[in-house]
Amino acid sequence: MPRRITDDGPLVEFFAQYPDYHYDHSKGPTKNFRLMCRVLGFIQDSDEKTEAKQAFEDALTMEFNKAFGTEENNLESWQSLCERIKVDPIPDTLEECRKIVEETHVNLVDLIDKNEENPRIFDSVEELKNYCVREHKFFPKENAYAGGLLRYLLREFFNAHRGRRGQGRRGRGAGRARRGRQ
């Protein structure tokens, strides 16, 4: 099974930097971040909140990399994604894994959330987008720590003209971990 948030992962390390906030493992990373900002009184658009948000996005990205790897052409990474979205049997080839994952709409933040035993699979990109907006579950569009695999999976929800291969498949997103890309 792919690794998700652990007691020593990048997200736990991020929240440990804020001793006045107790990281609640029963809540997902995004909900914890929003609660932390409220508890610590971060003001919208303040330098303090902007810096915390960037550090949170870095930790989120590193958590994904830890769970699934960074290499876009690594079969084991794609098989881990297939396993996480409950594909059975797990395909033996990179092409088969990619095809399954690309046809699946799932939030990438949910993939690394230890509380999401069965991440929700959406019927359409539009349903996924609405969920991402409502729940504030987005991976950063561009992040220095994003590996090729994460970059490959990210979906562009708001500027489709800038997407992968001209079809709006990259960018900001909760993604469709390609059985669901984000």
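In this predicted model, Glu102 belongs to helix H5, which spans residues 94-102. The relative accessibility of Glu102 is 18%, so the residue falls under the 20% limit for burial and is classed as buried. A polar contact joins the side chain of Glu102 to the side chain of Tyr152, at 2.4 Å.

Helix H4 comprises residues 75-84, and its buried positions are Ser77, Trp78, Ser80, Leu81, Cys82 and Arg84. The N-terminal end of H4 is capped by Asn74, with a side-chain oxygen of that residue placed 2.8 Å from the backbone nitrogen of Glu76. Just after H4, a positive phi of about 65° is found at Lys86.

Between Glu156 and Lys129 the C-alpha to C-alpha distance is 9.4 Å, for a separation of 27 residues in sequence.

The second largest pocket was examined next. Its volume amounts to about 170 Å³. The lining is formed by Lys27, Gly28, Pro29, Thr30, Lys31, Arg34, Asp113, Glu116, Tyr131, Glu135 and Lys137. Two helices, H2 (29-39) and H7 (125-135), each contribute at least two of the lining residues. Helix H2 provides four residues, the largest share of the lining. In terms of residue class, seven of the lining residues are charged, two are polar and two are nonpolar.

The average pLDDT of the chain is 84, and 82% of the residues reach a score of at least 70. Residues 160-182, by contrast, have a pLDDT below 50, although this stretch makes 126 contacts in the model beyond near neighbours in sequence.

Methods:
Residues are numbered from 1 along each chain as its sequence is written. This is a predicted model: local features need pLDDT of at least 70, side-chain atom pairs count only at pLDDT 80 or more; totals for chains, interfaces and linings use all residues. Side-chain values use heavy atoms; hydrogens and water are left out. Buried means under 20% relative accessible area, exposed over 50%, partly exposed in between (1.4 Å probe, protein chains only). A polar contact is a pair of N or O atoms within 3.5 Å; within protein, one must be able to donate a hydrogen and the other to accept it, and residues adjacent in sequence count only if both atoms are side-chain atoms. pLDDT is the predictor's confidence in each residue, from 0 to 100. Contact means heavy atoms within 4.5 Å. On a 1 Å grid over the protein atoms alone, a cavity is a set of points where a 1.4 Å probe fits but cannot get out, and a pocket is an open set with protein on both sides within 12 Å along at least five of seven lines; lining residues have an atom within 4 Å of a point. Grid points are joined across faces, edges and corners, and a volume is the space filled by probe spheres set on the points. Ala, Val, Leu, Ile, Met, Phe, Trp, Tyr, Cys and Pro count as nonpolar, Asp, Glu, Lys and Arg as charged, and the others, Gly among them, as polar.
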